[in-house]
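Morning, everyone, and thanks for coming. Let me put the structure up on the screen, and then we'll walk through it together.

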Amino acid sequence: MKRVVEVLKEKFGNRIQGSHQETVRELQIKIAKEVVIPAARFLVETLEMRFLFLFGSDARNISGCFHLHYVFSYHHVDQFIILIVEVRGEDLTFPSLAPYLPQANWQEREIQDLFGLIAKGHPDPRRLVLHEDWPEGLYPFRKDFIQNKKVPRVNGEYVFDRVEGDGVFEIPVGPVHAGIIEPGHFRFSSAGESILKLEIRHFYTHKGTEKLGEGKDSSHLLCLAERISGDNSVAHATAAAQALETLCGFQIPPRAQFLRVVLLELERIYNHLADVGGVVLDVAFGFGAAQLARVKEQLMRLNERLTGSRLLRGMIVFGGVRNDISDLDKKYLIQEIGKIKVDFDQTIQILWNVSSLMDRIQKTGIIKKEIVEALGGTGPIARASGVDRDFRRDHPYAAYQELLFMVPVFREGDVESRIKVKMQEVYESFKLIYEAVTGMPEGISIVETVPLKPLRSALGYVESPRGECFHWIATDRDGRIARWKIQSPSFANWPLIEYAVLENIVPDFPVINKSMNLSYSGNDR
Amino acid sequence: MFRILKKNIQVGNATASFEPHHSSASQGFLGAPEIEAAKCTGCGLCVKSCPTDALQVCDDQTKDERKLFLSYGDCIFCSLCEPICPHDAVSFLGKFELASESKEKLTLSFPFCLSECKKDPAFTSQASLPVKTLPTGSQSFSQGNFAPLLSMDEIGSRLKDKVKTLFGRSLHIREVDAGSCNGCELEITNLSNPIYDVERFGIHFVASPRHADMLLVTGPVTRQMELALVKTYAAVAAPKLVLACGSCAIGGGVFNGSYAVVGGVDRSIPVDVYLPGCPPRPEAILYGIFLALGTVASKK
């Protein structure tokens with residue numbers, strides 16, 4: 001990795017202001033603001049690194065400036081590079097990366113809303129996270145903004161992109177939807193039944209979670225992490241716990257690593273099963289939906305029996321896994337997983353021969369590979385469009401390095417491919433659970449933790465059922481949490497839906513939406 | 001076709017019976033914390049471990065009195081208080097039928113003699129504990145930002161009791177997510193699966209508030225959902241039953257104190273039944289719905 005710094009220094013000279021191996025896998029490079037765009041493009045285009053995400057932090061009380069962090073992954077050597085840019089003094093602008101890497105679009109708009117830094121040259125600088133009734137000049141993620149401040153409501157207006165022409169009409173949907181789902185607004189422009197444009201407007205469930213985490217102790221932070229996106233409780237808690245553990249530089253016991261795999265895969269199975277069931281329900285095939293819902297309930301009861309919580313909450317803690325698994329529970333788990341697998345298998349066999357289902361899902365909601373790559377799509381959605389990426393394999397964490405599994409990839413990018421990816425992953429997860437449970441080393445599952453080190457930062461990451469989920473945690477001088485950044489897979493994937501629906505008919509939107517199954521709460525935080 | 005029939009016959013009837021007050025959770029379920037008064041010394045150590053306002057102490061030096069409060073409305077059932085208790089006074093025994101018509105009933109208080117408490121080596125003074133908002137007692141509907149959108153007869157309607165009997169066995173529910181983490185949605189969706197099958201009770205989830213008798217609201221009510229919630233409430237046909245589902249909906253839960261949340265459904269619209277849980281399990285939601293309908297008697 002030293003080589004990367006040298007290459008950058010050769011190219012950008014003294015505008016590379018320093019580099020520092022923050023953790024085992026993270027190299028931080030300080031870089032001048034004016035060259036961050038060419039440097040980012042150089043890392044992506046020439047060194048073939050992958051741009052993951054970008055976020056801000058208010059470090060004015062430590063180093064007198066705001067920081068921007070650009071996170072890249074280098075999967076050939078399992079390393080991460082974080083470019084750090086200082087935004088100092090009167091000039092609160094930074095150059096926009098969005099014209100070159102469109103996936104930075106929402107991230108830069110989020111920084112604008114929450115920190116009041118301005119992305120110069122951004123193609124779409126409208127409000128994103130904070131809605132129109134939020135007053136100008138108040139930036140909630142700045143340190144001088146008091147957490148529980150009552151902010152007055154002002155009059156404002158949000159302007160949607162318009163498609164004009166003969167026979168074009170708009171269909172506004174949400175934030176309160178017809179089904180039992182989370183709130184968000186969709187604005188369709190359509191001519192006849194075909195969708196010409198979809199604009200999504202979210203962040204109705206913005207709860208200021210990242211700010212709430214500041215100053216919290218680690219056990220309370222994990223309680224909050226479990227509630228970022230309820231059905232991805234384990235994934236978020238694991239990512240946060242890993243960030244804390246990396247920050248302190250300590251290893252959790254090997255048994256805990258395996259237990260985490262079991263929990264993560266249990267979560268993946270019930271999520272994917274629910275998604276397959278959801279798509280089947282949305283095309284009104286009652287038999288399949290009912291069978292899959294029944295199997296899902298069996299899984300939730302299994303979760304409950306093993307952990308006491310139907311959503312597997314409370315198990316992931318800083319320092320390991322809270323409750324160990326008994327031999328009796330191990331046996332029960334393997335037995336139940338075996339039964340559920342047979343049940344799932346039978347249902348799927350029937351489903352895949354039903355033409356009314358196949359008609360609706362084949363060639364529906366196609367997302368092209370180029371779109372996925374440009375917008376930084378992740379998870380099953382990316383894998384259904386031919387992007388072969390999985391953090392469990394590319395940047396192994398927990399005990400994944402010691403387990404054997406396949407990463408299913410399909411090329412078509414339609415609803416069917418996404419469902420196929422999820423189904424295949426369910427089978428892989430069954431295998432992984434079996435392997436992890438039988439191959440688990442003896443020993444303790446949790447160790448005494450140490451206080452957080454002051455002025456450090458670390459990245460935690462998990463391949464959640466929806467895709468890559470990152471938590472970045474930084475501490476202040478007293479070792480308290482100063483900044484908690486959550487990059488949920490839904491935040492990366494939501495913009496994809498605007499492309500997935502194009503040229504499809506409006507009634508297919510629910511099916512497309514369900515096949516992607518994005519979390520609103522995970523996105524809005 | 002034959003394979004579908006075969007599978008249906010193989011599976012048989014999956015629906016579980018549901019008896020309020022008699023239903024028990026499946027094995028392993030933690031449920032709500034219970035404090036054993038005989039073992040508890042009032043040391044206050046558990047208050048420190050609690051991530052929300054669910055556990056708190058209030059000391060009165062002049063009366064030499066300490067009160068320990070346990071609020072099921074604020075509890076997120078994380079069970080962090082169980083291992084920290086030096087006297088094994090906190091236990092989780094799978095209790096989940098907690099729904100209640102008032103917040104008051106959800107808060108238990110345990111009185112102690114302060115000087116006795118101090119004898120315990122684990123004693124934690126109130127000053128060393130995080131500052132929390134104490135239960136305010138009979139707080140119910142406080143008019144929020146969009147109160148002018150609600151007409152007074154809607155707020156003060158006492159029609160409800162009468163209408164409850166008129167509903168008979170049918171209830172139409174509109175679910176509104178006012179910023180939840182989607183945990184509650186997941187459990188509400190599970191109500192429609194073959195095991196819980198709410199439709200057998202005549203309970204139906206509808207697509208529009210105009211078709212609904214009841215709003216089932218989840219989430220802490222985010223600032224950006226407040227207007228949508230109030231407008232949805234305004235669209236429901238009178239007498240407008242409201243069920244606040246989950247800790248967030250009752251008092252903000254883990255999100256309490258954020259600039260972006262209002263902190264409880266009753267800060268925006270009037271609530272009839274409060275339903276603790278994080279998330280409440282499907283049987284607990286059913287129990288709450290029945291309680292709102294008056295088909296089950298409330299516990300004392």
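Let's begin with two helices in chain A, α9 (residues 286-307) and α10 (residues 327-351), whose axes come within 10 Å and cross at roughly 170°. Since an angle over 145 degrees counts as roughly antiparallel, that makes α9(A) roughly antiparallel to α10(A). Keep in mind as we go that this is a predicted model.

Who meets whom here? On the α9(A) side you'll find A:Gly288, A:Gln291, A:Leu292, A:Val295, A:Gln298, A:Leu299, A:Leu302 and A:Leu306. Facing them from α10(A) are A:Asp329, A:Leu333, A:Glu336, A:Ile340, A:Asp343, A:Phe344, A:Thr347 and A:Leu351. Sorted by class, the residues of this helix contact come out as nine nonpolar, four polar and three charged.

Three strands form an open sheet in the order β13-β14-β15, with antiparallel pairing. Which strands sit at the edges? Those are β13 (457-464) and β15 (481-487) of chain A, each pairing on one side only. From one strand to the next, the twist averages 15°.

If you zoom in on β13(A) and β14 (residues 467-475) of chain A, eight bridges join the two. Here A:Ala458 stands opposite A:Ile473 in β14(A). Then look at helix α16 (residues 489-500) of chain A: α16 lies across β13, β14 and β15 of chain A, and runs at about 135° to β14(A).

Now over to chain B. Its domain assignment gives domain 1 (33-128) and domain 2 (147-293), and the C-alpha centres of these two domains lie 29 Å apart. How many residues are in contact between them? In chain B, 17 residues of domain 1 touch 20 residues of domain 2. The domain 1 side of that contact has nine nonpolar, three polar and five charged residues.

One helix of chain B I'd like you to see is α8 (residues 226-235), where the buried residues are B:Glu226, B:Ala228, B:Leu229, B:Val230, B:Thr232 and B:Tyr233. They pack against β6 (171-177) and β8 (214-218) of chain B.

Last stop: the contact of the two chains, which takes 49 residues from chain B and 51 residues from chain A. On the chain B side, α1 (2-11), β6, α7 (183-190) and α8 each supply at least two residues. Which element gives the largest share? That's α7(B), with six residues. By class, the chain B side has 25 nonpolar, 18 polar and six charged residues.

That's my tour, so let's chat!

Methods: Residues numbered from 1 in each chain as written. Chains lettered and ligands numbered in written order. Predicted model: local features only at pLDDT ≥ 70, side-chain atom pairs only at ≥ 80, totals over all residues. Domains from an automatic or database assignment. Contact = placed C-beta atoms within 7 Å. Nonpolar A, V, L, I, M, F, W, Y, C, P; charged D, E, K, R; others polar. Axes fitted to C-alpha atoms, helices over the stretch in contact; angles between N-to-C directions. Helix = DSSP H or I, 4+ residues; strand = E, 2+ residues; numbered from the N terminus. Parallel < 35°, antiparallel > 145°, perpendicular 65-115°, else oblique. Buried ≥ 20, exposed ≤ 12 C-beta atoms within 10 Å, placed from the backbone. Pairing = 2+ DSSP bridges.
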